[in-house]
Amino acid sequence: MKPAPCPCHSGLTYQACCQRWHTGSRELQSPVELMRSRYTAYALLLEDYLLATWHPDTLPAQLGLSDDAPTKWTGLRILRNEVQGDNAIVEFEARYKINGKAEKLHEISRFIKLNGDWYYLDASGE
């Protein structure tokens, strides 16, 4: 049986890509890797991982992903990645379907490095 491709559309298998982040490794994770692993976590409903990688200043109490309408994530395209010291932005487009209707999310996410690890801070989107 062929290993499943990673939901983040990196071209790698899940095992060779985002799974390591979801199972506890944070070593050498870049803002783009964090962005990809968070996209995959949304696709796999890994709310604990999403909360664990959220900066404490903007961390919500919960996300309630299992309460949302079923979402099928269908594509991710990184548009821009800028790192300046301990601050970074990753601009991306994510495609998904809800109840069969295709949608697109365009977002500019901000990341901050804290104690050697990158964390999602916040975002602006369309």
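Arg 80 and Glu 91 meet through their side chains in a salt bridge, with N to O at 2.9 Å. By salt bridge I mean a side-chain nitrogen of Lys or Arg within 4 Å of a carboxyl oxygen of Asp or Glu. This is a predicted model, so local features need pLDDT of at least 70 and side-chain atom pairs count only at pLDDT 80 or more, while totals for chains, interfaces and linings use all residues. Residues are numbered from 1 along each chain as its sequence is written, and side-chain values use heavy atoms, with hydrogens and water left out.

Back to the pair. Arg 80 sits in strand 1 and Glu 91 in strand 2, 11 residues apart, so the bridge links distant parts of the chain. Helices (H or I, at least four residues) and strands (E, at least two) are DSSP runs, numbered from the N terminus. Is Glu 91 buried or exposed? Glu 91 counts as buried, at 14% relative accessibility, whereas Arg 80 is partly exposed at 28%. The cut-offs are under 20% relative accessible area for buried, over 50% for exposed, and partly exposed in between, with a 1.4 Å probe and protein chains only.

The search of the whole structure finds 7 salt bridges. One of them joins Glu 93 to Lys 104, with the closest N and O atoms 3.8 Å apart. Here Glu 93 is in strand 2 and Lys 104 in strand 3, again a link between distant parts of the chain, 11 residues apart. Glu 93 is buried, with 13% relative accessibility. Arg 77 belongs to a network of salt bridges with Glu 93 and Lys 104. There is also a salt bridge between Lys 101 and Glu 103, at 3.3 Å between the closest N and O atoms. Lys 101 is exposed at 53%, and Glu 103 is partly exposed at 30%.

Strand 1 and strand 2 pair in the antiparallel sense over 12 bridges; two strands pair if DSSP finds at least two bridges between them. In that pairing Asn 81 stands opposite Val 90 in strand 2. The two strands form a hairpin with 2 residues between them, and Gly 85 in the turn has a positive phi of about 65 degrees. Strand 2 is also joined to strand 3, residues 101-114, by 12 bridges, and these two run antiparallel. Glu 93, already mentioned for its salt bridge, stands opposite His 106 in strand 3. This second hairpin also has 2 residues between its strands, with Asn 99 in the turn at a positive phi of about 50 degrees.

Asn 87 lies in strand 2 and is partly exposed at 43%. What does Asn 87 contact, leaving aside its neighbours within four places in sequence? The contacts are Glu 82, Phe 111, Ile 112 and Trp 118, where contact means heavy atoms within 4.5 Å. Asn 87 and Pro 31 are 56 residues apart in sequence, yet 9.1 Å apart in space, C-alpha to C-alpha.

Now the rings. The count comes to 5 aromatic pairs. Rings of Phe, Tyr and Trp (its six-membered ring) pair if their centres lie within 6.5 Å; planes under 30 degrees apart count as stacked, over 60 as edge-to-face and the rest as tilted. Tyr 42 and Trp 73 form a tilted pair, 6.2 Å centre to centre with 50 degrees between the planes. Tyr 42 lies in helix 2 and Trp 73 in strand 1 (residues 71-84), so the pair ties together parts that are 31 residues apart in sequence. Trp 73 is partly exposed at 22%. Trp 73 also forms a tilted pair with Tyr 96, at 4.9 Å and 45 degrees. Tyr 96 is in strand 2, 23 residues from Trp 73, and is buried at 16%. Tyr 39, Tyr 42, Trp 73 and Tyr 96 form one aromatic cluster.

Last, the core. A nonpolar core is a set of buried Ala, Val, Leu, Ile, Met, Phe, Trp, Tyr and Cys residues joined through side-chain atoms within 4.5 Å. The largest one has 23 residues, and those touching the most other members are Cys 6, Cys 8, Cys 18, Met 35, Tyr 39, Leu 76 and Phe 111. Helix 2 (31-43), helix 3 (47-52), strand 2 (87-98) and strand 4 (117-125) each give two or more residues. The largest share, 5 residues, comes from helix 2. Beyond its neighbours within four places in sequence, Cys 18 is in contact with Cys 6, Cys 8, Arg 36, Ser 37 and Thr 40.
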